[in-house]
Amino acid sequence: MLPVMMFPGFDPVLVQVGPFAIRWYALAYIVGLVLGWRLMRRLVRLDPAVASVEQVDDFLTWATLGVVLGGRLGYVLFYQPSFFLTHPGAIIQVWHGGMSFHGGMLGVVVATILFCHRNRISFLGFADRLVVCVPLGLMLGRIANFINGELWGRAAPDWLPWAMIFPSGGPVPRHPSQLYEAGLEGALLFIVMLLLVRRPAVRARFGQLGGSFLIGYSIARILSEHFREPDSFLGFLTFGLTMGQILCLPMAMAGLWLVLRARTNAPANAPSTGQTDIRSAP
């Protein structure tokens, strides 16, 4: 049996001044939104241009509300509806944790639909550029989960050299599944999306990037969930699947439909003033 690594024991609070504290998890959301906003300003101007940089600036507020409200309500409805039904005051206590990616995604989808309708922007075209930015936030969020010592993995085999004992996970060496998710859902998916968005033919078929993201995220999440300990209040569900895996199934089907739809539809016309290289856009 190999020596077991101990969790580094990070302080989940980055900075605290009196009663006010900035946590790593909150910082991950803030940095993810800012980085995504900066990248989105470049992406929307690639041929065919789908929005102006000023519209992206306006969308940042919409995206923030969609992520926070959707993520929290998704956790309430998908994971612990009975608890929050009897403790409604706990719904707003986001500082105790409890955010759902699938809920946050639905929140951003609703915000994007409303924003695009209001500004007369192509929803699929705008969403295609938006999904390229999402893995950045996912990666930072999973790293914050690791720093907080939460959402740890299942029991690891004796031969695993990076098996780790988490303070709240008992004496059992476990997979650091948060880092697996950061690598798969975050870094790897981000690289794939960047490679796809650089191809003019892919950008021109609205919905193809969005569908590719949904499929890619679903595959990454389903794989990483094999190493993650299910939530204690849910455990394993139908056919031994976790809630995260079950929620990814309709997500993958929607992604497949979008990709097939994009391949059969005529590509959007590219205006001559659009940019063709990510590096050349301001």
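These questions and answers walk through a predicted model.

Residues are numbered from 1 along each chain as its sequence is written. In this predicted model, local features need pLDDT of at least 70, side-chain atom pairs count only at pLDDT 80 or more, and totals for chains, interfaces and linings use all residues, while side-chain values use heavy atoms, without hydrogens or water.

Colleague: Which residue in β3 stands opposite Val13?

Modeller: Strands are DSSP runs of E, at least two residues, and helices are runs of H or I, at least four, numbered from the N terminus. Two strands pair if DSSP finds at least two bridges between them. β2 (residues 13-17) and β3 (residues 20-23) pair in the antiparallel sense over 4 bridges. Opposite Val13 stands Arg23.

Colleague: Which residue in the turn between β2 and β3 has a positive phi?

Modeller: The two strands form a hairpin. There are 2 residues between them. The one with a phi of about 60° is Gly18.

Colleague: What span does helix α1 reach from its first C-alpha to its last?

Modeller: Helix α1 covers residues 24-43, which is 20 residues. The expected span is 1.5 Å times one less than the number of residues. That gives 28 Å expected, and α1 comes close to this, reaching 28 Å.

Colleague: Which elements do the buried residues of α1 pack against?

Modeller: Buried means under 20% relative accessible area (1.4 Å probe, protein chains only). Among the buried residues of α1 are Tyr25, Ala28, Gly32 and Gly36. Contact means heavy atoms within 4.5 Å. The buried residues pack against β3, α2 (53-78), α5 (123-148) and α6 (177-197).

Notes. Buried means under 20% relative accessible area, exposed over 50%, partly exposed in between (1.4 Å probe, protein chains only).
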